[in-house]
Structures are given as C-alpha cells and as structure tokens.
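Let's take a walk through this one together. Have the sequence and the 3D view open side by side as you read.

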There are 2 protein chains.
Amino acid sequence: MENLFTDEYFMKKALQEAEVAFEKGEIPVGAVIVVADKIIARSHNLTEMLNDVTAHAEMQSITAAANFLGGKYLKDCTLYVTLEPCQMCAGALYWSQISKIVYGANDEHRGFTKMGTQLHPKTVVVSGVMANEAADLMKRFFKERRK
Amino acid sequence: MENLFTDEYFMKKALQEAEVAFEKGEIPVGAVIVVADKIIARSHNLTEMLNDVTAHAEMQSITAAANFLGGKYLKDCTLYVTLEPCQMCAGALYWSQISKIVYGANDEHRGFTKMGTQLHPKTVVVSGVMANEAADLMKRFFKERRK
C-alpha cells in the first residue's frame with residue numbers, strides 16, 4: 001500500500017499554518033513537528049502579534065514538541081517548515097538534536113545555509129519540498145503589503 | 001561625580017541571575033537588559049526546568065524587554081550576559097537589532113564567535129567583563145555535578 005505520510009503530506013500541513021500567518025498579517029511561515037507519522041506540534045510565525053523577534057514558527061514548534069514529549073531533545077522528530085530556517089532557529093534546532101529538517105523555499109539572504117549556521121551532526125536536511133508553493137505565498141504577501 | 005552604572009555594575013546583576021540558575025541546578029548563565037541605566041529584563045537559564053532548549057537566559061530577556069518596550073526592536077538596549085551567546089541567542093539578537101552586547105566568559109566551543117554567527121551590523125560587542133567570576137561559577141557547577 002502506498003504511504004500517505006510523505007514529506008509532501010506534512011509540508012501541506014505546514015503550508016496551512018503559513019496561510020494562517022498570512023491572514024493575520026504575519027510573514028507567512030508555518031511549521032509542524034512529526035514523530036512516527038503523528039503531528040505533535042504546529043505553529044506559524046507570530047513576531048508581529050507578539051512583538052517578539054523570537055516568535056518564529058520553528059521556535060514555537062520546538063517548545064511545543066518538547067512539552068508534548070516531556071523532554072527537551074527531539075531525537076526522533078522531523079520538522080517541516082515552509083521556509084529555510086534562520087540562524088536563530090537553526091541554532092535552536094542544533095540544541096534540540098532533531099533527527100530531520102524538511103524545508104520548502106530557500107531563504108537566500110537570511111537562511112542558515114548562507115549564514116553558515118551549524119546544525120547537529122546527526123540532523124538530516126531535505127530542502128525544496130513544495131518550495132514553489134511556499135515561495136509563492138511569500139511573494140503574494142509582500143506584493144499585498146506594498147499596496 | 002563617578003558613574004555608578006558601569007558595565008561591571010550591570011554584569012554583577014547578571015551574575016546574580018546566574019547564581020539563581022546555579023541553585024536550581026541549571027547551567028549557571030544569567031542576563032539583564034538595560035535601557036538608559038534601567039534594568040528592564042532579567043533572566044537566567046531555565047532549559048532543565050522548562051524542558052526547553054530555547055529557554056536560554058538571553059532568549060527570555062529578549063522577549064521580556066520587547067514586552068516591556070511594546071516593540072520588538074531593542075535598538076537602544078544593552079544586553080549583559082555572563083557567558084558568550086550561542087548561535088541561537090546571537091541569531092535572536094541579530095533580529096532584535098540590539099545596540100550593545102556585553103558578555104563575561106568566552107564559550108570556546110559553542111559561542112557565536114567560534115560558530116561564525118552574524119550579529120546585526122549596528123550591534124557593538126564588549127567581551128570579558130567579569131569573565132573570571134562567570135567562568136568560576138560554571139567550573140563550580142560542573143565540578144559539583146560530577147560528584
């Protein structure tokens with residue numbers, strides 16, 4: 001039987017979170033954290049609403065997943081996030097020792113790849129999953145903002 | 001008249017926070033954020049108590065200071081922290097556009113200098129303020145832990 005729980009399946013959930021951020025006037029980035037095909041955390045960027053630069057989608061999901069698991073290490077978890085994590089979020093993911101990070105669109109300016117942020121050596125990274133959908137949402141957001 | 005509000009004055013306040021962390025069994029790191037010689041945020045590492053890798057002293061103080069100021073940018077603020085910030089905290093400080101960072105002891109392994117994390121171009125950094133006191137507290141903590 002075909003596996004329903006593909007990277008695309010979970011990235012769609014992260015994109016739904018990004019859409020919620022969009023509707024709130026937040027830069028549209030969404031994230032979910034998955035363990036054994038189960039979503040244990042979902043979040044979207046809330047930096048404007050909370051007046052807090054640390055309220056990125058990834059940070060909230062890391063905290064929520066650790067609360068759910070009752071431990072601070074996310075060793076058997078996968079993070080799905082619509083945009084490439086920044087230095088701060090990659091730094092938090094480093095501490096969490098997360099197993100896998102799947103992201104959508106690249107962030108050419110502020111992404112951890114460009115910035116040279118180190119992930120945990122055990123963390124596997126997959127990029128470009130539904131990247132066009134994530135990038136289109138960002139473009140639509142900034143286009144509407146300029147109006 | 002002599003200025004009482006020196007970097008050492010505020011670093012002592014951060015060290016007091018680090019002592020509180022120590023008593024709670026947390027890696028002893030403390031921080032305060034100051035604007036116009038007034039402390040608007042104080043915090044200490046709570047990663048063990050909160051089961052959360054994001055609960056570093058700096059992260060909590062950034063959130064608290066932004067709440068106090070009613071805005072997410074910390075442009076006229078100085079962070080005093082007993083240990084050199086990590087990638088995550090330096091990444092958060094980057095987003096906050098904080099004016100000045102004063103830290104005590106170097107973190108040769110996980111500090112942002114070694115890791116190559118970028119701060120905001122407008123941020124001034126001062127290191128080594130009461131570094132021996134901060135380092136001694138860390139050494140004492142790990143020595144007691146090994147017992």
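What follows goes from the contact between the chains to the charged pairs, and then to a few local spots.

A bit of housekeeping first: this is a predicted model, so local features need pLDDT of at least 70 and side-chain atom pairs count only at pLDDT 80 or more, while totals for chains, interfaces and linings use all residues. Residues are numbered from 1 along each chain as its sequence is written, chains are lettered from A and ligands numbered from 1 in the order in which they are written, and side-chain values use heavy atoms, with hydrogens and water left out.

Let's start where the two chains meet. The size of an interface is often given as the accessible area lost when the parts come together. Here chain A and chain B bury about 2,500 Å² between them, and 57% of that is on carbon and sulfur atoms; buried area is what two parts lose on being put together, summed over both, with a 1.4 Å probe. On the chain A side, V53(A), K72(A) and W95(A) lose the most area to chain B, together 27% of what that side buries. Counting contacts (heavy atoms within 4.5 Å), 29 residues of chain A touch 29 residues of chain B.

Twelve residue pairs across this interface are in polar contact, both residues at pLDDT 80 or more. A polar contact is a pair of N or O atoms within 3.5 Å; within protein, one must be able to donate a hydrogen and the other to accept it, and residues adjacent in sequence count only if both atoms are side-chain atoms. Helices α2 (57-69) and α3 (87-96) of chain A each supply at least two residues of the side that touches chain B, and α3(A) gives the most, with seven residues. Helices (H or I, at least four residues) and strands (E, at least two) are DSSP runs, numbered from the N terminus.

Now for the charges. Side chains of opposite charge can pair when their charged atoms come close. The structure holds six salt bridges over all chains, and two of them run between chain A and chain B; the rule is a side-chain nitrogen of Lys or Arg within 4 Å of a carboxyl oxygen of Asp or Glu. In one, E48(A) pairs with K72(B), the closest N and O atoms being 2.9 Å apart. E48(A) sits in the loop between β2 (38-44) and α2 of chain A and K72(B) in the loop between α2 and β3 (78-83) of chain B, so the pair joins two chains. K72(A) and E48(B) also meet in a salt bridge, at 3.0 Å from N to O. K72(A) is buried at 12% relative accessible area, whereas E48(B) is partly exposed at 36%; buried means under 20%, exposed over 50%, and partly exposed in between (1.4 Å probe, protein chains only).

T47(B) is buried, with a relative accessible area of 8%. Its side chain makes a polar contact of 3.2 Å with that of N45(B). Leaving aside neighbours within four places in sequence, T47(B) contacts several residues, including K72(A) and E26(B).

Last stop: why is helix α3 (residues 87-96) of chain B largely enclosed by the rest of the structure? Because ten of its ten residues are buried, among them C89(B) and W95(B). Just after α3(B), Q97(B) takes a positive phi of about 55°.
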